[in-house]
Amino acid sequence: MINVAILGYGVVGSGVYKVITENNDVVSKNVGDEIKVSRVLDLREFPGDPAEEVLTHDYDDILNDDSIDIVVEVMGGLEPANTFVRKAIEKGKSVCTSNKALVAAFGTEILDLARAKGVNFLFEASVGGGIPVLRAINESLTADHFDKIYGILNGTTNYILTKMSEEGLSFDTVLKDAQERGYAERNPEADIEGYDACRKIAILTSLVYGRFTDYEEISTEGITKITNNDMIFAKAAEMEIKLFGLTEKNEKGFYSMVAPFLVGKEDPLYAVNGVYNAVNLHGDMLEDVMFYGQGAGSLPTASAVVGDVVELAKNKGKVLPFGWTADKITLSDINEYETAFFVRVNSGDAASFKNSFENVKMIEAPEITGEVAFITEKMSRNVLDARLRDIEPLQVIRVN
Ligand code: HSE
């Protein structure tokens with residue numbers, strides 16, 4: 001029997017309880033031993049809930065219970081999650097979490113602590129919700145050098161961009177609708193400003209390269225400045241606008257960013273719509289591989305968390321080769337990163353724009369008057385800004 005404690009009985013925590021109890025046949029079979037939720041920690045009461053019997057308000061009940069091998073942290077936020085996770089590891093318990101804020105901020109230290117204590121710290125559900133991308137990176141994508149990772153890592157923003165594109169609605173209108181449907185938080189800043197995606201691309205980058213990537217050094221831009229006219233021009237060019245977390249390592253530098261990108265039909269992420277997430281990796285042998293699935297939601301996320309529980313249970317007493325070292329990646333200035341650019345300008349600036357840029361591809365959108373839009377050749381943002389000189393563009397978006 002393997003006993004599991006769940007810290008936090010919210011959306012994900014109650015999902016983890018449900019997956020372990022309702023799918024106990026398959027979960028226990030995959031471990032080769034019975035898995036049981038023996039404790040749930042939450043400050044609240046849950047009268048009539050199946051977890052009521054194992055509920056505690058006191059973390060010491062879990063810490064001091066030597067029969068509990070695995071602690072599932074699904075409280076979210078940095079504290080007390082950080083303290084609770086470290087205390088569990090100090091006590092020789094393995095931990096898994098869905099908490100990307102915790103992993104991005106303290107993952108390096110917690111991984112070190114777990115190794116020192118001979119236990120494991122896993123966090124599959126912290127990136128891409130139910131998509132099993134971290135384990136695939138760690139266990140399957142082991143024969144390549146990866147030069148590019150990019151993904152739609154946030155369901156809320158992808159839902160908003162999809163709705164804007166499909167229904168011609170403004171950002172504010174769609175955000176309100178997303179909030180009403182529960183797809184966006186009442187305070188949506190972490191999603192719409194790209195902070196959530198930033199932590200996820202930091203975790204992905206750290207894992208792929210085996211070295212710490214500091215999320216605070218990743219240039220992060222959200223989707224709040226995307227307008228209907230951007231969408232109309234993008235559609236006219238047979239492209240979509242997606243919020244990417246992207247890392248590229250090439251001969252010029254090591255770049256990482258969160259930013260809106262225009263993507264064409266040939267891009268595997270073009271058709272990733274609504275609350276779905278996807279991660280694409282490019283390796284020197286494998287070429288492109290894409291992972292696609294539900295990036296949020298109680299049961300998809302819980303399924304990934306329980307996948308970690310199974311992994312931890314199967315490897316009791318063994319330190320898994322997972323994670324990264326404290327050796328930090330030095331990121332290059334993203335203004336030197338070269339892509340094509342989508343640029344919208346007032347019609348009055350069009351002639352001047354054409355004089356400064358060779359080989360621009362004009363986008364024809366007859367329904368828009370007073371503005372024109374172009375796609376430039378591949379260049380850095382610094383070169384673009386120098387060429388724009390006196391022109392104040394209405395919009396600049398990278399093209400993948
Ligand atoms: N707010 C996040 C999203 C939840 O929309 O993707 C999952 O991390």
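1. Which residues are around the ligand? In this predicted model, they are Lys100, Asn154, Gly155, Thr156, Asp191, Asp196, Lys200, Gly295 and Ala296. Sorted by class, this shell comprises four charged, four polar and one nonpolar residue. Two helices, H7 (155-167) and H10 (195-209), each contribute at least two residues to the shell.

2. In Thr156, a polar side-chain atom lies 2.7 Å from an oxygen atom of the ligand. For Lys200, the distance from an N or O atom in the side chain to a ligand oxygen atom is 2.8 Å. A polar side-chain atom of Asn154 is 3.4 Å from an oxygen atom of the ligand. On its own the ligand has 260 Å² of accessible area, and the protein covers 80% of this.

3. The ligand sits in the largest pocket, which holds about 1,100 Å³ of space. This pocket has 36 lining residues, and those nearest its centre are Val12, Lys100, Glu185, Asp196 and Ala296. The lining divides into 16 polar, 14 nonpolar and six charged residues.

4. Several helices build the lining of the largest pocket. At least two residues each come from H1 (11-22), H5 (100-117), H7, H9 (189-192), H10 and H12 (298-314). H10 gives the largest share, four residues. H10 is also one of the helices that supply at least two residues of the ligand shell.

5. The largest cavity has a volume of about 70 Å³. Its lining consists of Leu111, Ala114, Arg115, Val119, Asn120, Phe121, Leu122, Val319, Leu320 and Phe322. Eight of these lining residues are nonpolar, one is polar and one is charged. Helix H5 and strand S6 (121-122) each provide at least two of the lining residues, and H5 has the largest share with three.

6. The second largest cavity has a volume of about 30 Å³. Val103, Ala104, Ala202, Ile203, Ser206, Phe212, Thr213, Tyr215 and Trp324 form its lining. Seven of the residues lining the second largest cavity are nonpolar and two are polar, with no charged residue. H5 and H10 each supply at least two residues here, the largest share being the three from H10.

7. H5 supplies at least two residues to the lining of the largest pocket, of the largest cavity and of the second largest cavity. H10 likewise supplies at least two residues to the lining of the largest pocket and of the second largest cavity.

Definitions and conventions:
Residues are numbered from 1 along each chain as its sequence is written. Side-chain values use heavy atoms; hydrogens and water are left out. A residue is near a molecule or strand if one of its heavy atoms lies within 4 Å of it. A polar contact is a pair of N or O atoms within 3.5 Å; within protein, one must be able to donate a hydrogen and the other to accept it, and residues adjacent in sequence count only if both atoms are side-chain atoms. Accessible areas come from the Shrake-Rupley method with a 1.4 Å probe; for residues, only the protein chains shown count as cover. On a 1 Å grid over the protein atoms alone, a cavity is a set of points where a 1.4 Å probe fits but cannot get out, and a pocket is an open set with protein on both sides within 12 Å along at least five of seven lines; lining residues have an atom within 4 Å of a point. A molecule sits in a cavity or pocket if more than half of its atoms lie within 2 Å of its grid points. Ala, Val, Leu, Ile, Met, Phe, Trp, Tyr, Cys and Pro count as nonpolar, Asp, Glu, Lys and Arg as charged, and the others, Gly among them, as polar. Grid points are joined across faces, edges and corners, and a volume is the space filled by probe spheres set on the points.
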